Number of protein chains: 2
Amino acid sequence: MARQTVKALLNSTEKDIEVSISAWVRTKRGSKNVAFIAVNDGSTPHNLQIVVDLEKMGEAVVDKVTTGSCIKAIGKLVESQGSGQKYELEASSIEVLGEADANEYPLQPKKHSLEFLRENAHLRFRTSTFSAVSRIRHTLIFAVHNFFNSRGFYNIHTPIITGSDAEGAGETFNVSTLDKKNPPLTEEGEIDYKKDFFGKLTNLTVSGQLEAEAAAMALGKVYTFGPTFRAENSNTTRHLAEFWMIEPEVAFNELEDNIDLAEDFMKYLIAYTLENCHDDLVYLENRIIEEEKNKKAEDRQPMNLIEKLKFVVDNDFERLTYTEAIEILRNSKPNKKKKFQYPVEGFGTDLQSEHERYLVEKHFKKPVVLTDYPKEIKAFYMRQNEDGKTVRAMDILFPGIGEMVGGSQREERLDLLVKRMEEMHIEADELWWYLELRKFGTAPHSGFGLGFERLVQFVTGMGNIRDVIPFPRTPKSAEF
Amino acid sequence: MARQTVKALLNSTEKDIEVSISAWVRTKRGSKNVAFIAVNDGSTPHNLQIVVDLEKMGEAVVDKVTTGSCIKAIGKLVESQGSGQKYELEASSIEVLGEADANEYPLQPKKHSLEFLRENAHLRFRTSTFSAVSRIRHTLIFAVHNFFNSRGFYNIHTPIITGSDAEGAGETFNVSTLDKKNPPLTEEGEIDYKKDFFGKLTNLTVSGQLEAEAAAMALGKVYTFGPTFRAENSNTTRHLAEFWMIEPEVAFNELEDNIDLAEDFMKYLIAYTLENCHDDLVYLENRIIEEEKNKKAEDRQPMNLIEKLKFVVDNDFERLTYTEAIEILRNSKPNKKKKFQYPVEGFGTDLQSEHERYLVEKHFKKPVVLTDYPKEIKAFYMRQNEDGKTVRAMDILFPGIGEMVGGSQREERLDLLVKRMEEMHIEADELWWYLELRKFGTAPHSGFGLGFERLVQFVTGMGNIRDVIPFPRTPKSAEF
């Protein structure tokens, strides 16, 4: 008999048929005469209830059926009387494929802390919370590819190991095969990277944008979706040393087109998840309600999870310039009452999380797109405005998260780009190929980056970024 | 007027309408009175012909329109008389967005060697060959996600930076933030990795399989699709230091299910590409025919590209055991005539590329699945057969490529796995979590790995793996 999934059985159009299921035991309860075994195989957030007639089958058959064990059950799919599901399985045979000693199995049927589950990241896929997060994470991955593919974008695999940290986006990880204890040295006594695997100093990428620009300046519309790395010693709920980024880049797009694309993209991803992961979202919504029930009303999330997601899909993002935002912040109550940790003085101030959250959560109460930032606080490749002060940057700020998307129109004019690189002490030699994109057939183009884990955090409502990626990499932690 | 793509214009259902296009110039030709400009924007392998009436518009308008320049043209979409396309554009205005000095632009309208294009990887997206490869690569990426998503698999992002090289799959790249010149030392004079970013020695992953197994043993059906790394000093047309791998892993699947999945998967990917990239495949097929026209008949590919792809889709893969294959090879003409570089003596011989290609290209003339290899030449995690000699491995061999897929049923029995790890000197301590998957709720499960670039090579017919990934990483080369 062919094995079926829990999802297929719970959605069956037939009943009173013989079926076979293999799955992991979540709970077992019952009496002397009957045992109820709830099993899950990851295909759905719902468990299938297996009913075992102990009088008929003997008590020994469920002796080794414990939480965490893996069983194969054959029996009849019948309408359920009270399990909360449409169907349950009346077992005619139970086979234990893999035991789980109740004295040793870490995941007992009780509430475990997220910290404890992180230490057992190999097993946390078996919990209701992390399996829901995993299904939603997958759904978002597929939605990303589906969105771009249907709009004529090409996915580009930009390199992970790079020969330059030209973007200067932060500290990088060095990649090497040199003997660390006795590295080869040059005559001057420096490390001789010519003898390293790639014949030069190499690092893990911080962004695929520059390479994506090369592809866009030929293929038109491209996107990357790959791992990126920051060797920052940030032990926060929002930072990972290894995280996934999505970076679309589009030839001939100007900043407004870029914002339109980003807004459409975010709404599509969230709407797709609402449509395809409803039960998982309900589970996670209830989890948050449960978690917050002992908090004071003002400390709770202002909206429930699904309401929050629908709100993003249904409302236009607020668009304004950085300069306009600074005015709002300067005149805001918390700034005047000196409640901000970093006071907002005027043009040039780099926005902190507290400012971004004020704009999004208090002032506009929806996602906010800020544009035209001071050039001093943005990257060298952003297109310079005629005011000589600002660049065509855009950041999209989300409630609870802060910056979700960061992008810009790129500086396509060779002379202005070279001048800006000189001002910012960026080596033109290393980026000879990036400059050639401006030298040969240059054109306006724009793109943005979306930190994938921040998106998964927003959609699942998980408070800590380490709980939305299977095996998080953070300072002093690379287990598994 | 909204910008349109070349693809949209060539497939237009309307004609004699005003349209706007921005694209790169492939060629310009013509006479005193009229100029024909072929442009491409990456949306299709076909160029759009722009016709410029020089008598009306003046000759100066096309002065700076050179190969590689980027132009914006507005005009009327009309039926074409002779361009080989349905439509062409009668320009009413031409604007040069970005020039490309003919004396400096590397990609002149002539045939460049693939080696030369590799040195200009930032520009080769603009060639017919590499843009066709890029579109096919994208199509295969999307097909991978589509196949698994529609079958209830979840994509899992396994870690890139790992704390163990437990699989022993080859030499690895070290990832570190330690000062190489003056690294911190322990009291014993060894490098003190406790002071490194992750507090231990870390490497770039060689495979996501072990972590994918953890996910499969809870979520049922999962797959990875991410970059993997080998620090092997192999300068061949088949090896990259950084390449992308697809690794599905399925709970409860036995070896036969695993082979069925792999065969369905390969056929789906190729059929999807045949359906969605026909024109690109025709271009690449003609490229190969052109390249081989000076070769002797017996040195040419036995089948044209599209014929070869259809052949894989339409035929069952041949399945046999390693032991049966050894008998065929031992009795084969090249073995008896000592034509093999590595003679086949009997059970235990590790198959070389020449043997794999004999089986696929000469003996069976179709993809071949070999199973049940000697345990000595396979990894520790493969399920041991009752003969005590072989394991439930499977390799799928493809014409021209050799090994395309490698997989196995995994050893799910804790005692047998621990014993095998001891025999192979693999540290159980480092893999405590992998062993716990067998200790708690173990179950049969299987999976395989597909090297994505080998697949793109097969589908595009490109001879060198460096020409199917945007920015290849190989020994002494990490440019861009």
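Helices (H or I, at least four residues) and strands (E, at least two) are DSSP runs, numbered from the N terminus. The model is predicted: local features need pLDDT of at least 70, side-chain atom pairs count only at pLDDT 80 or more, and totals for chains, interfaces and linings use all residues. Residues are numbered from 1 along each chain as its sequence is written.

**Stop 1: a loop residue.** Select Thr205(A). Thr205(A) sits in the loop between β10 (202–204) and α5 (209–219) of chain A. With 4% relative accessibility, Thr205(A) is buried (under 20% relative accessible area, 1.4 Å probe, protein chains only).

Stop 2: Show chain A and chain B. Here 113 residues of chain A are in contact with 112 residues of chain B (heavy atoms within 4.5 Å). Next, select helix α4 (residues 128–150) of chain A. This helix gives the largest share of the side of chain A that touches chain B, 10 residues.

**Stop 3: a salt bridge.** The rule finds six salt bridges across the interface of chain A and chain B (a side-chain nitrogen of Lys or Arg within 4 Å of a carboxyl oxygen of Asp or Glu). Select Lys200(B) and Glu479(A). Their side chains form a salt bridge at 3.9 Å, N to O.

**Stop 4: paired strands.** Select β9 (residues 174–176) in chain A and β9 (residues 174–176) in chain B. These strands pair in the antiparallel sense over three bridges (pairing takes at least two DSSP bridges between strands). Finish on Val175(A), which stands opposite Val175(B) in β9(B).

Methods. Chains lettered and ligands numbered in written order. Heavy atoms only, no water. Buried < 20%, exposed > 50% of the residue type's maximum accessible area, 1.4 Å probe, protein only.
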